[in-house]
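Me: I have a structure open on my screen and would like to talk it through with you. Could we go step by step?

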Amino acid sequence: MDRPNDSGDGAEPEYSDYYRQHALWARRTADLQTTFIDLLDKLAEHGQPHPTDMREKAVWLRQTMGQVADVLAAQGLAHDEMLAAGGPDNSRAWVEYEAMTRRHAELLPRDPSPE
């Protein structure tokens with residue numbers, strides 16, 4: 001799924017579709033960093049100068065984007081559950097969704113990138 005609601009039915013995408021789309025992009029970014037780290041390591045194996053700071057930043061970005069992807073995917077599921085329980089019109093479902101959103105926000109990385 002590269003775009004929200006790739007089902008082709010013409011329905012308007014839900015927020016959960018956007019959460020999943022952004023989770024996918026974050027996961028792809030993490031995967032690209034893994035590839036970049038492998039390339040840096042191969043350069044070092046062949047005697048090229050190993051840019052340690054670049055590798056550290058790539059490792060940090062891979063970990064961070066992996067966490068972001070997981071949180072966004074979980075937020076998409078929380079939104080789906082809220083909608084299934086009656087959506088914003090169901091006050092209990094909405095309060096639970098807001099609480100889950102706060103918990104997910106606390107899971108997002110806060111550490112600055114290595115300098």
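**An aromatic pair and a helix pair**

Reply: Happy to! This is a predicted model. Let's begin in helix α3, where W94 and Y97 are three residues apart, so about one helical turn separates them.

Me: What kind of aromatic pair do W94 and Y97 form?

Reply: A search of the whole structure finds one aromatic pair. In that pair, W94 and Y97 are 5.5 Å centre to centre, with 45 degrees between the planes. Planes under 30 degrees apart would count as stacked and over 60 as edge-to-face, so this pair is tilted.

Me: How do helices α2 and α3 run relative to each other, roughly parallel or roughly antiparallel?

Reply: Helix α2 covers residues 52–84 and helix α3 residues 91–107, and their axes lie 10 Å apart at an angle of about 180 degrees. Angles over 145 degrees count as roughly antiparallel. Therefore α2 and α3 are roughly antiparallel.

Me: How many charged residues are in the contact of α2 with α3?

Reply: The α2 side includes Q67, V71 and M82, while W94, Y97 and H104 are among the residues of α3 that they meet. By class, the contact has nine nonpolar and five polar residues, and the number of charged residues is none.

Me: Which residues have pLDDT below 50?

Reply: The chain has a mean pLDDT of 86, and 87% of its residues reach 70 or more. Where pLDDT is low, the predicted coordinates should not be read in detail. The stretch with pLDDT below 50 is residues 1–5.

Note on methods. Residues numbered from 1 in each chain as written. Predicted model: local features only at pLDDT ≥ 70, side-chain atom pairs only at ≥ 80, totals over all residues. Heavy atoms only, no water. Axes fitted to C-alpha atoms, helices over the stretch in contact; angles between N-to-C directions. Helix = DSSP H or I, 4+ residues; strand = E, 2+ residues; numbered from the N terminus. Parallel < 35°, antiparallel > 145°, perpendicular 65-115°, else oblique. Contact = heavy atoms within 4.5 Å. Nonpolar A, V, L, I, M, F, W, Y, C, P; charged D, E, K, R; others polar. pLDDT = per-residue confidence, 0-100. Phe/Tyr/Trp six-rings, centres within 6.5 Å; stacked < 30°, edge-to-face > 60°.
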